[in-house]
Amino acid sequence: MSRVYVAGVGATRINEHWDKSLRDLMVEASLKAINDAGLSRRDIEAIFVGNMSSGYLQGQEHLGSLLATWLGIPGVAASKVEAACASGGAAVHNAFLAVRSGVYDCVLVVGVEKLTDAVTSDATSALIMAEDQEYIAFTGFSFVALNALVYRAYMKKYRARQEEIASFAVHDHKYAVNNPLAQYPRPISLEEVMRSPVVADPVRLLESAPLGDGSAALVLCSENKLKELRDRDVLVELAGSSISTEIFSVHDRTDLTTIGASVKASRKAYAMAGVEPKDVDVVEVHDAFTVLGVIHLEDLGFAEKGAGWRLLSEGQLEKDGDVPTNTMGGLKAQGHPVGATGVYQIYDVVAQLRGEAGKNQVDGAEVGLAQNVGGVGGTVTVHILRRVR
Amino acid sequence: MSYLRSVPRVWRERRVKYQLIGGRCKDCGRGFYPYRQICPACGSANVEQVKLPERGVVELFTVVRTPPAEFAQYAPYVVAIVRLEDGTLVPAQLTDVELDEVYEGMEVEAVFRKYREQGPSGIIEYGIKFRPAR
Amino acid sequence: MFNKTLTFNDNLFYQGSFYERDSKMPPLASVVGWGAYIPIYRIETAEISRIHTKGGEKAPVRQKSVPGFDEDSLTIAFEAAKNALRRGRVDPREVEALYIGSESPPYAVKPSATVIAEALGLSRRLYGIDMEFACKAGTTAMISVAGLVNSGIINYGLAVGTDTAQGRPGDELEYTAGAGAAAFLISKPGRDSAATIEHVVSYVTDTPDFWRREGEKFPMHTFRFTGEPAYFHHIETAARMLMEETGLKPSDFSHAVFHQPNVKFPQRVGASLGFRPEQLKLGLLCNEIGNTYAASSLIGLTNVLDHAKPGERILVVSFGSGAGSDAISLVVEDGIEERRGLAPPTLYYVNRFRVIDYATYLRCRGFIER
């Protein structure tokens, strides 16, 4: 069993990339990551591609083999990994296992999604495939609508006001300003958020992650490979990696205000990395909708149940707060190219741990956590990274 | 979108959808919809099919304003989780009601309605919606 | 032997049946359950004329029912049939016939009967079919099911009349083409039933007063020709045949229900047959719901059954364009009162409604596509 290190990272900007295809995006991110590692393409022994909707939106499956050829390295091990919006995190977990097991020394993991090839209503159809097609999508639920129920349940149970929760979007945008990869690098006010159109009551447009395209990639390597990497002061280890699932459908659960898979996955990851929530210096949560950001912070152990929204108003999520969170813009402002998001989150944590976060830098960040969620919590992946040098 | 054109899929699920057939776990007592062989709460395979009650209350609801493509012509509409008289939770659309008349706790009853069509030439998919109870 | 001739000219000459039928048949079958359903939406005829004639049109009814966008003649029939089953107090699996009369089925080919049978959980050993004879299809369904019961082929059968009638925008019929259904659970005669079907007559001629060609969206009608040679001739003939064969007179009936394409026609035909307005009162609902086509006279019948007392006699005469009339005579039995409360009364559906405007109406009827 080997320790697993992040040898290199790369990502495209998240945007409506009219001029770049799905394969263009994943090649771009991959080359950046390989270059960042100081390796050559021929060093890659296995590829894991995380993606949710390429079949439905592009009519394209078999992305692993496709990317191997387009990177000029056909012959390597490759496959696509899918877990709805947690496809990126799930792909990283697979890559982690590949290196940890000792079978592979150098693995490329790429998350990619291209939602803008479709019109909004088709993209909406694609996203609801994360949930029960036969009994939930059939009744006309959209993905937003399911999250709206969670929002209602949370506000009711914990007597939280929507304004408090919606501030999460304001927070994300503030930090996206200094992130060259972000889809929306401009600040917004709470008033703008609360005046934006209602998408599914009570969720407002500016509380929802946007549709966009992007690809992010990591090169993970074993101890054996370290000596071949580019010289760097900093070395980041992927110290914890876990996946958990939850009762699939929201209406089959007993409490909509918590996501059991987050609790389970984070406990596993903490144990693996040998850390506790208080040791974590920087956090990326999967805030596809503002209320989820709040719930995730609670489930991951950073706040008591029902008190997550207070962290916002107390400024604890700021880069100099107790729980610096989504310090590169999060899903709302950096973007949420569904299958790629999990890898973008790790890209952001690595930037922080390397001290390369610029104006968003959390001083002395040593341990970071990235949480990626599929569906309304049907799958959660948690990754913990640690600066070891 | 071939899954939307699939006739066998609709045919297979019709009885469960038309008659609201759920499952009741004989070990832990949980009721759930739709019927499946393994209880989602306790994992027991000791599950019996039950025809669920037709009355309940709105547990949670929202209004879909940006619908998936196959429902585009019907928006805006209300979707909800309904708690039936026996405690089983069921996802469904509400009908015969104005958007601003719906509230949590509203009593509702099951009705048999069209959910969607597989295009103008395709088959019609029917199911159970809920309307304000008499 | 019939000596009476009801003629204006040879085309309307009654051609008598082969048998000498001058006496009532033995009880044919009974109604053990009944039910109606009318969609919640209404549009006022004043609103329709606001759009098309700027208020110039005389209203043949006050308002008509409009199906919601998630309703069709199948879903409407389902609820009426369900109400009939509730009153019938029968396990659905014992019902072995489902005959549906409609001119607006959701499929031109594929019967609503199979879907409704599955949804209600009826027996799969089922005589199921959709039938068409314009607005007479519902009563013909009833007669057919009564025949299946009477011959011992089945014990219980459902007959339904249902329509979501198509009205061409701006056409006369748009003011009245409504939506609704009525259903009857039929079984063997018995004192504990709701009503005994004592005699039926059907009178049919080739009279093209109203039709819809294959592939056409809206029907054609012939304005004044649909009156005397069609509606009035067939209803009067069928009603008189029934009274001849049974020896009954209008005064023997407590209630008379006629097909109601508007308010005036049934009032006129009732008067010409010798019925008083009070006898028509319970069965005449079209002013509030419009012409529900195959359900028209049958919804009227359900309202009568919601109120009638044991021993009272009811005459129902439908009229279907093309053309024909079914006349049915029923006698209310002791079992009616205990069944009444088991399902919503027809007036509940008639009186609970929301008024919509013309644009919403167009959307509901699918004339505005998005």
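**Chain contacts and local architecture of the predicted model**

The contact between chains A and B takes 27 residues from chain B and 28 residues from chain A. The model is a predicted one. On the chain B side, strand 4 (55-64), strand 5 (77-84) and strand 6 (89-93) each supply at least two residues of the surface that touches chain A. Strand 6 of chain B gives the largest share, 5 residues. By class, the side of chain B that touches chain A divides into 20 nonpolar, 4 polar and 3 charged residues. Of the 2 pairs of chains that touch, chains A and B have the most contacts.

The other touching pair involves chain C. Here 17 residues of chain B are in contact with 16 residues of chain C. Helix 1 (7-19), strand 7 (107-117) and strand 8 (124-132) of chain B are the elements that give two or more residues to the side that touches chain C. That side of chain B has 7 nonpolar, 3 polar and 7 charged residues. Chains A and C are joined by no contact. Their closest C-alpha atoms lie 12 Å apart.

Chain B itself has 1 helix and 8 strands. Along the sequence the pattern is α-β-β-β-β-β-β-β-β. The radius of gyration of chain B is 16 Å, close to the 14 Å that the globule rule gives for 134 residues, so chain B is as compact as a globular protein of that length. The C-alpha trace of chain B spans about 45 × 35 × 25 Å along its principal axes. Of the 134 residues in chain B, 42% are buried. Among contacts in chain B with a separation of 6 or more, 48% join residues 24 or more positions apart.

From strand 6 of chain B, B:L89, B:P91 and B:Q93 point one way. B:V90 and B:A92 point the other way, and all are buried. Strand 5 and strand 6 of chain B run antiparallel and are joined by 5 bridges. One of the bridge pairs is B:R83 with B:L89 of strand 6. The hairpin formed by strands 5 and 6 of chain B has 4 residues between the strands. In this hairpin, B:G87 takes a positive phi near 95°.

In chain A, an open sheet of 9 strands has the order 3-2-4-7-1-8-11-10-9, with mixed pairing. Strand 3 (77-81) and strand 9 (282-284) of chain A stand at the edges. Each has a single partner strand, so one side of each is left without a neighbour in the sheet. The twist averages 25° from one strand to the next. Within this order, strand 4 (residues 106-114) and strand 7 (residues 213-221) of chain A run antiparallel, joined by 9 bridges. A:L108 has A:V219 of strand 7 as its bridge partner.

Two helices of chain A were examined. Helix 9 (residues 260-273) of chain A lies across strand 8 (236-245), strand 10 (367-374) and strand 11 (379-387) of chain A. Helix 9 runs at about 150° to strand 8 of chain A. Helix 4 (residues 87-100) of chain A has 14 residues. From its first C-alpha to its last, helix 4 reaches 20 Å, close to the 20 Å expected at 1.5 Å a residue. Of the 14 residues of helix 4 of chain A, 11 are buried, so the helix is largely enclosed by the rest of the structure. The buried residues include A:S87, A:G88, A:G89, A:A90, A:A91 and A:V92. A:H93, A:A95, A:F96, A:A98 and A:V99 are buried too. Just after helix 4 of chain A, A:G102 takes a positive phi of about 90°.

In chain C, C:T360 is placed in helix 12 (residues 358-364). C:T360 is partly exposed, with 16 other C-beta atoms within 10 Å. C:T360 and C:I43 are 317 residues apart in sequence. In space, C:T360 and C:I43 are 9.4 Å apart, C-alpha to C-alpha.

Methods. Residues are numbered from 1 along each chain as its sequence is written. Chains are lettered from A and ligands numbered from 1 in the order in which they are written. This is a predicted model: local features need pLDDT of at least 70, side-chain atom pairs count only at pLDDT 80 or more; totals for chains, interfaces and linings use all residues. Two residues are in contact if their C-beta atoms, placed from the backbone, lie within 7 Å. Ala, Val, Leu, Ile, Met, Phe, Trp, Tyr, Cys and Pro count as nonpolar, Asp, Glu, Lys and Arg as charged, and the others, Gly among them, as polar. The radius of gyration is taken over C-alpha atoms; the globule rule is 2.2 Å times the number of residues to the power 0.38. A residue is buried if 20 or more other C-beta atoms lie within 10 Å of its own, exposed if 12 or fewer, and partly exposed in between; C-beta atoms are placed from the backbone. The expected span of a helix is 1.5 Å times one less than its number of residues. Two strands pair if DSSP finds at least two bridges between them. Axes are lines fitted to C-alpha atoms, for helices over the stretch in contact, and angles run from 0 to 180 degrees between N-to-C directions.
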